[in-house]
Amino acid sequence: ASDVKYIIVGKQIILSPSGKAAIQSQPEKIIIQGTVKSATNGSTLPGVSILLKGTTRGTVTDLNGHYSISAPKTGTLVFSYVGFKSQEIPIANQKIININLISTSIGLKELVVIGYGSVQKRDVTSAISTVSTEDIAFRPLTNVGDAIQGMASGVQVISPSGAPGGGVSVRIRGSTSVLAGNDPLYVIDGIPTMDMSSISPQDIQSIQILKSAAAAAIYGARASNGVIIITTKKGKAGHINVSYNGYGGLSFSGNMKVVPLNTPQYRSLMNEILGEGAVPSNITTNTNWMKETFKTGVTQNHQVQISTGNKYIKTFLSLGYFSDKGVIHPSVYTRYNFMMNNNMQLFKWLKVASIISYANSLTNGIIQDIGSDRGGVILSAINTPPIIGIWDKEHPLQYAINPYQSSWESPLADLSRKNTTRKNKLLIDINAKVNFLNDFKYKINFGLDYNGYQNDQFTDRTSYGRSQNGVGSTDRSTTTVWLIENTLSYNKTIKKSTFTVLLGQSIQSSHWNNAYISGKDFPKTLNISTLNAANQITDAGTQISEWATSSFFGRLIYNYNNKYLINVSMRFDGSSKLALNNKWGGFSAVSAAWRISEEPFLKAIKSVVNDLKIRVGIGKNGNQNGLPDYAWQALYSFGRVTPTNPLSGPSIYQSTIENTSLKWETTTQMDAGIDASFLNSLVSISIDAYLKNTDGLLMNVPLPQGAAPVNYITRNDGKMQNWGMEFSLNAVKHHKNWSWNAGINISFNRNKIKNLGLAKVYYYARTPNNQYAIRVAPGYSLGTFYGYIAKGVDPETGNMIYADLNKNGIIDPGDRTVIGHAQPNFIFGMNGSISYKGIGLSFLIQGTKGNQIFNASRIVTEGMYDSKNQSTAVLRRWERPGQVTSVPSAVSNGSTYNVYNSSRFVEDGSYLRIKSITLYYSFPKKWFRNRLQGFRVYATGNNLLTLTRYSGFDPEINYMGNNSVVQGVDYGTYPHYQTIIFGFNVQF
């Protein structure tokens, strides 16, 4: 036929343009098989891309690291995997090719993301920590913070609450601000954001933590608290690769140290406080409210990932579902997440990439971090008298009323409140990269960060809810942040010198709108909680707010002969939140490094000292993240007639005062460090020392009463300092069938308020006795506890003895002093793994040393001044003259004298926690006759053991969440729980 071009019959017959046949030999093909492992620890690597060089034909390794490919016996295979060095292996008629890829976690040629670019690890001149997929591969994680905790020196990650979806608090080299934010900036595939909830940990390829100002200065005003750069997984060339990871488990409340009194014990106590016969002897009800409150939780996760591509287009798709039902029902957190990455090489000079990440989460929260008299469930489980039954005998569908105080609900009544929060987060990034004139690269980036929020509350079956015939509210808001960035980079090598220049521009704007409504008096016969059923609308309103920033930045990196390295960066940021004459700030940094190992005098010991580098740097960053959108302006609010305030009239009143001097809070950081690796990278160490000075602390400074129409002014008013040292050590060893690796990091940080302006002292954290537990003052650190010094119980009177520091003969506020510190002496983390053939074990241990906790919960569980039930600690209370004990007497007059904020409630908060331990097994591929590419099963235990002297439920929690001023205060916070998980991973 005229359209026949060639016919294959053992040999390839090609028709030439002249019509004559040209015969070419078809290279003989063979089947090559093998296993790909990590040279770091010997573990097998799933998902490694194997391509026949010069073609788009390829495959990927299965879960056990095995592969099989048909290729010409004279061809070359290219092995590539994100986080590892690519290798080319000539086939040379080999049918078995096993290979060990060098992990970039130790490889000197690893590309480390530094912001708007990357450099080889050996060329890094500042303090950067890396967490890779290899480090977290076998851990079932809830959020990105879990992946970081205990894995990097200088980074403190705590979960202030154990509630499902409670989130984490991340602090890089301490807290630098009071009013402004202390959270780091997260950059997810180039999109800057303050929220990382849209990313599933299973979708992460690597995490870079920019700790020093020299590393983070390219992000300018948003980087004073460090930067965490998250790179997600990308598609790989080869066949379609589908994997599923699923697990499920049970959660337990563990060792509940605080035990409430039973009915006989409670009766005895009430007879002392309320008088004989307060609890009649015929009452035998003995409800164990702790048992009724704390149950068994259930957690599950399902994740499907699809990767495919060729040399022109690569796609990665991920779908996931996560659910965590806590140990206190009905607290629950569920999340659906979706992510798709596309990378397209449209032309040799043009590459286009996009990422779409979406997460939909629902949290059904409980009231915590508050006393039982205000609905706090944790403390209510202790304080509710055991003599009360669950249900009201006269009203079966209503919870029983506390006979001593009807507004003090039982924990089950408090748990009947509806409090659901739904969040929708969408991240979209589209960028194009253009290469031109050989050494120039231009990139334009469009980003969208959309956040939807809705909170619905309804109270009906509590005492207050019944009195109002039901109370409900709805609060909805959306935040849309747009980003446009343009960068131009130039790279040139001249003999031994390499120059990399970057210039960039960024514009970011945010629009927030909010609508809220509340009502009461719902129909009793209908189970409807939406506001359309409320007979009275008690409040409603809408709000709009906007902010914008504009930035110009540049960076120069100079490398001479891989020995002498300099990095200089500068950024100018403008913010709409700051005063007209102070909107713009300049933030610069310079760092340098000397790779001593490249010097001739160390060449002789190169086999022992593989790499040795000294680095120094100094830089300045700005901060305005915690400021309201119109912080410098005088704002006015509106008063109106409402059902709850019928006598008020329409009005306008001033709510904030103008400050035309409001400017950037700035942090200057100096850093020096050493990086070294020894014995063919068997051991690597990093040591860092730093000093951070923050000037122009943003504060809400109180004004004299009556001197102004408002109570405070937002202004720059103080200085703060952080300094410390960091150490990390990692060791790896691998053999033919087994391998191990271990790492340890330890960090020391000291914090001090150097100066405060108009107001010389601030107080925070009001406790149940109406006193403040935290004092901020010059010369002390954030999280400083303030109160009286308790000297024990007077054996004659049973009252607490407090130190009379001002020597005036009475105990008064002048006797208060510093009684403790929440700042730890050091934090530490240990991780490691060991594997033999298909069996492996990995672990993570994390903890703190030297920090103290103010146990405010004990004020209401050991106070003995009203009808609340108490913990069994009060069984040791003083009851007769001459008795020696550490627990004071019960009081009948409601006095809180014995529970003043004092050293009595300050406890050692040091702890060591086995955060995670995982045992896994990868089945041999041959068992499945090639129907599956891999199959792995595993079992994980989270929070299995915590060693601590703290008497409360959990030493890690903080009742003010991630607040950096109020640290280490425990007041009815949801504790962390133990979880046992079983899961499997399968690859098709």
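Gly832 is buried, with a relative accessible area of 6%, where buried means under 20% relative accessible area, exposed over 50%, and partly exposed in between (1.4 Å probe, protein chains only). The residue lies in strand β47 (residues 826-836); helices (H or I, at least four residues) and strands (E, at least two) are DSSP runs, numbered from the N terminus. Not counting residues up to four places away in sequence, Gly832 touches Asn741, Ala742, Leu841, Ser842 and Phe843, contact being heavy atoms within 4.5 Å. The C-alpha atoms of Gly832 and Gly952 are separated by 30 Å, the two residues being 120 apart along the chain.

## Basis and confidence of the model

This is a predicted model, in which local features need pLDDT of at least 70 and side-chain atom pairs count only at pLDDT 80 or more, while totals for chains, interfaces and linings use all residues. Residues are numbered from 1 along each chain as its sequence is written, and side-chain values use heavy atoms, with hydrogens and water left out.

The mean pLDDT of the protein (the predictor's confidence in each residue, from 0 to 100) is 87, and 94% of its residues reach 70 or more. Over residues 1-24, however, pLDDT stays under 50, and for this stretch the model has 23 contacts beyond four places in sequence.

Thr232 lies in strand β19 (residues 227-232) and is buried, with a relative accessible area of 1%. Its side chain is joined to that of Asn341 by a polar contact of 2.9 Å, a term for a pair of N or O atoms within 3.5 Å, of which, within protein, one must be able to donate a hydrogen and the other to accept it, and for which residues adjacent in sequence count only if both atoms are side-chain atoms. Leaving aside neighbours within four places in sequence, the residues in contact with Thr232 include Ile188, Asp189, Ile199, Met339 and Ile355.

Strand β19 belongs to an open sheet of 5 strands in the order β13-β18-β19-β16-β17, with mixed pairing; two strands pair if DSSP finds at least two bridges between them. The edge strands, each pairing on one side only, are β13 (128-132) and β17 (191-193). Strand β13 runs antiparallel to β18 (residues 204-210), to which 5 bridges join it, and Ser129 stands opposite Ile209 in β18.

A search of the whole structure finds 28 salt bridges, each a side-chain nitrogen of Lys or Arg within 4 Å of a carboxyl oxygen of Asp or Glu. In one of them, Arg571 pairs with Asp573, the closest N and O atoms being 3.0 Å apart; Arg571 is buried at a relative accessible area of 5%, and Asp573 likewise counts as buried, at 4%.

Another salt bridge, with closest N and O atoms 3.9 Å apart, is formed by Lys613 and Asp675. This pair links distant parts of the chain, 62 residues apart, with Lys613 in strand β32 (residues 609-623) and Asp675 in strand β35 (residues 665-678), and both residues are buried. Lys613 and Asp675 also take part in a network of salt bridges whose members include Arg173, Lys211, Arg615 and Glu726.

Lys915 forms a salt bridge with Glu956 at a closest N to O separation of 3.6 Å. Here too the pair links distant parts of the chain, 41 residues apart, Lys915 being in strand β51 (residues 911-922) and Glu956 in the loop between β52 (934-948) and β53 (969-970); both Lys915 and Glu956 are buried.
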